[in-house]
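Visitor: I'm new to this, so could you walk me through some aromatic rings in a protein?

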Amino acid sequence: MSHSIDSEPAVPDAIVDEVTLNVHGWGTHIDALGHFHLNGTTYNDRTVDDILGPEGLRRNAVTAMRDGIFTRGALLDVARTRGVPWLASDEFVTAADLDRAEAATGLTVESGDAVIVHVGLDARLAAAPDADPNVRAGLDTSAVLWLSERDVAIFGGDCIERLPSTDPDLALPLHQLGLARMGLTFLEWLRLDDLLRTVERFGRNTFLLTAAPLAITCGTGSPLNPIATF
């Protein structure tokens with residue numbers, strides 16, 4: 001349950017703050033299904049006019065996920081499978097990459113899983129601080145279809161969109177197809193260092209993923225603190 005009020009009464013000796021959120025910036029966040037549309041329609045064939053009002057998203061808002069995520073997470077380490085610390089900024093992650101990363105772990109991605117993909121983006125940016133983070137490796141269309149075929153519920157990691165897109169019809173295919181057509185939940189800009197170390201420690205690429213967004217009324221997304229439990 002959540003509620004909001006316009007102001008809090010002044011309390012002596014209290015320390016307070018006010019937070020303004022840029023939800024879809026470079027911080028870790030979750031996307032609502034209404035965040036993207038394709039050819040004027042969003043998930044469940046709802047038009048933009050149907051879901052969007054003056055106050056924000058009337059439908060497909062982040063509040064639909066207010067009760068949180070509780071499912072199996074599966075790390076697919078594409079960079080490690082390729083034998084590199086990171087993918088170059090102009091590379092694609094393909095369906096074949098996901099197959100190879102899956103085979104290397106000995107697991108099988110199943111319906112309802114949260115697939116977390118590692119391509120080494122943070123390591124690449126740390127090695128080249130002046131590099132543009134908006135020019136980066138990401139999934140091609142075959143990999144997006146792979147997620148659909150496996151009935152994956154959640155996609156996340158340091159692998160987001162391949163930018164700039166080379167698809168003449170889809171500027172952001174992962175978002176446009178994943179959100180607007182597949183109903184795929186996105187966890188973006190995850191920091192994976194702790195997860196990678198823990199996977200290495202236990203020798204297991206699966207874990208319990210839990211996360212809950214802020215219940216932002218009519219919101220297109222929310223900051224997020226996902227937790228992997230082994």
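Visitor: How exposed does Phe230 count as?

Guide: This is a predicted model, where local features need pLDDT of at least 70, side-chain atom pairs count only at pLDDT 80 or more, and totals for chains, interfaces and linings use all residues. Residues are numbered from 1 along each chain as its sequence is written, and side-chain values use heavy atoms, leaving out hydrogens and water. Buried means under 20% relative accessible area and exposed over 50%, with partly exposed in between (1.4 Å probe, protein chains only). Phe230 has 29% relative accessibility, so the label is partly exposed.

Visitor: How many aromatic pairs are there?

Guide: Rings of Phe, Tyr and Trp (its six-membered ring) pair if their centres lie within 6.5 Å; planes under 30 degrees apart are stacked, over 60 edge-to-face, and the rest tilted. With that rule, the count is 4.

Visitor: Is the pair of Trp26 and Trp189 stacked or tilted?

Guide: Their ring centres are 6.2 Å apart. The planes meet at 45°, so this pair is tilted.

Visitor: What is the angle between the planes of Phe202 and Phe230?

Guide: These two form a stacked pair, with 5.8 Å from centre to centre. The angle between their planes is 10°.

Visitor: Which residues do ring pairs link into a cluster?

Guide: Phe202 and Phe230 already make a pair. Ring pairs link up a cluster of Phe202, Phe230 and Phe207.
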